[in-house]
Amino acid sequence: MADSDELCQSTLSEVASWIETKKVSPVEVFEAVRRRIERLNPTLNAFITLTLDEAAQEARQAEGEIAKGRYRGPLHGVPVSLKDLYATRGVRTTAGSKVLADWVPDHDSDATERLRSAGALLIGKTNMHEFALGSTTINPHYGTTSNPWNARHVSGGSSGGSAAAVAAGLGYASMGSDTGGSIRQPAAFCGVVGMKPTYGLVSRYGVFPAAWSLDHAGPLVHSVRDAARVLNTVAGHDPRDPASVDRPPLDYTAGLERGLSGIRLGVAPAYVSEDVVPDVQRAFWDAVRVFERLGAKRIDLELPSAEYAAVTTSTISGSEVASTHSRWSDTQLADYGEDSRRSLAIGRCLTAGDYLKAQRARRAISSTVSRELESVDAFVWPTTAIPASPIEEGGDGLRTRPHEVLRAPHVLTRLANLMGIPAISMPCSFTSSGFPVGITVAAKAHDDSTALRVAHAYQRETGWENRRPVVQG
Amino acid sequence: MSDPQNKPEKDWLEIARRRVAALDADAWLPADSAEAVAYSLTDLLDGLRRIDDLGLDKVEPATMYRPVEE
């Protein structure tokens, strides 16, 4: 069996198979992860709250069940974490804020329930951008989460703690949330896989909202196969979430090995604009050539400018966020960080007319893109225009043009939130400075299986997901 | 009656500044942030103007909990 650090840096699928075949026990896995967290988390600050004592108990319970032949499935005995906006019964849930610093929920989120039922070990609550209102995880209340590839750079956000934890081997999966790219952007920055499933596939019950009509819940993991396995556990109808879709459950691992033969792969050249830095452009086009070599047929798409999706989602999320927070922002404004207050102020300055215009644009953009997508099975674009930025420069890549909110380097992620389509970011190269670069594979709504199949074929061929950062503890 | 096709260009920064001022910006923002928020809001409002390029005249708003076009 691998040594302790190698064990921690394995994929969820690998460690699950070792647990199932009793090559390693849940207690051994948990203790290896615990030691690694104690050594590396002071550098990374990936967690707001650790629940290691409870997880140790869960590990012993899992070990006993498996010894008696009661193996529950691929998450049984596997350490995982939750972004600190997933409600956890009896464990404080801050949403990265001072406002909720003392909130101890009396209930679990739907995803928390499903992970517990699957036998996962919940090791802690990960750091995040305050209330998911930004993309850096520079958090004024709980500190900044560093990027495992270079601690002077941001991990991205808002699910930055989740991405950093998985990348550094502090747990095998972490649940994040994504309103405008908050799973996929940090996944790209930290060199892991981040999946935003179809809107409504994973319940948001118990997930503190940012913008209701754009919020998605999904996993951050090492491999596409890992993402499919977590999705098998957390997907499913939940009447407590009004957006939850009621469809028969699928096995998302079932079609992974089908390859790319016959796949029509859309590419939108307009999404590889001059704002995308050369290292990312090179990585993206190299990846497209890999897809073609594997049998995919490339079809160029004419999509509306990414800026339209950016202004539309910014207006919708700004308005919805301002509404979500009105109960606190009217009375506890001083408890918000300055960054969040700016975001909320912009939202409060938008009118009902602005919001409805954006919702009309949403329908127009969705209709246009849906028509284009009829000619393809999946489509790809660079997850972000730039790699992870230095913390000292603010981390958002807007140092020289801070007010140009529609040209932010992360607007490429927005279309998938606008339409609710599945989108997976996975590593596809590294910059000359050693930072991971991400590519996104998206598919039509409710065709998460095709997105997973296409992304998996790429990973099987290239193996970028097998690189691990060396974090100095 | 003026020709709606020849509407004068709006001064979005001025509009943004008025909206930020109406927010009681002193309570919401540090003194040097109000103007920065006005600039960000200007970017957004100008972007919303450009959305007219999509031809929204006959488009109804997306519904809240079913944005996915099935």
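Buried means under 20% relative accessible area, exposed means over 50%, and partly exposed lies in between, with a 1.4 Å probe and protein chains only. This is a predicted model, where local features need pLDDT of at least 70 and side-chain atom pairs count only at pLDDT 80 or more, while totals for chains, interfaces and linings use all residues. Side-chain values use heavy atoms, without hydrogens and water; residues are numbered from 1 along each chain as its sequence is written, and chains are lettered from A in the order in which they are written.

My topic is salt bridges, meaning a side-chain nitrogen of Lys or Arg within 4 Å of a carboxyl oxygen of Asp or Glu. Over all chains, the count is 32.

I start with A:R116 and A:D108, which form a salt bridge at 2.8 Å, N to O. A:R116 is partly exposed at 26%, whereas A:D108 is buried at 3%.

Next, A:E257 and A:R225 pair up, with their closest N and O atoms 2.4 Å apart. This pair links distant parts of the chain, 32 residues apart: A:E257 sits in the loop between α8 (224–234) and β11 (264–267), and A:R225 in helix α8. Helices (H or I, at least four residues) and strands (E, at least two) are DSSP runs, numbered from the N terminus. A:E257 is partly exposed at 43%, and A:R225 is partly exposed at 22%.

In chain B, B:E14 and B:R17 form a salt bridge at 3.9 Å. They are three residues apart in helix α1 (residues 12–22), so about one helical turn separates them.

Last, a network of salt bridges links A:D110, A:E113, A:R114, A:D238 and A:R240.
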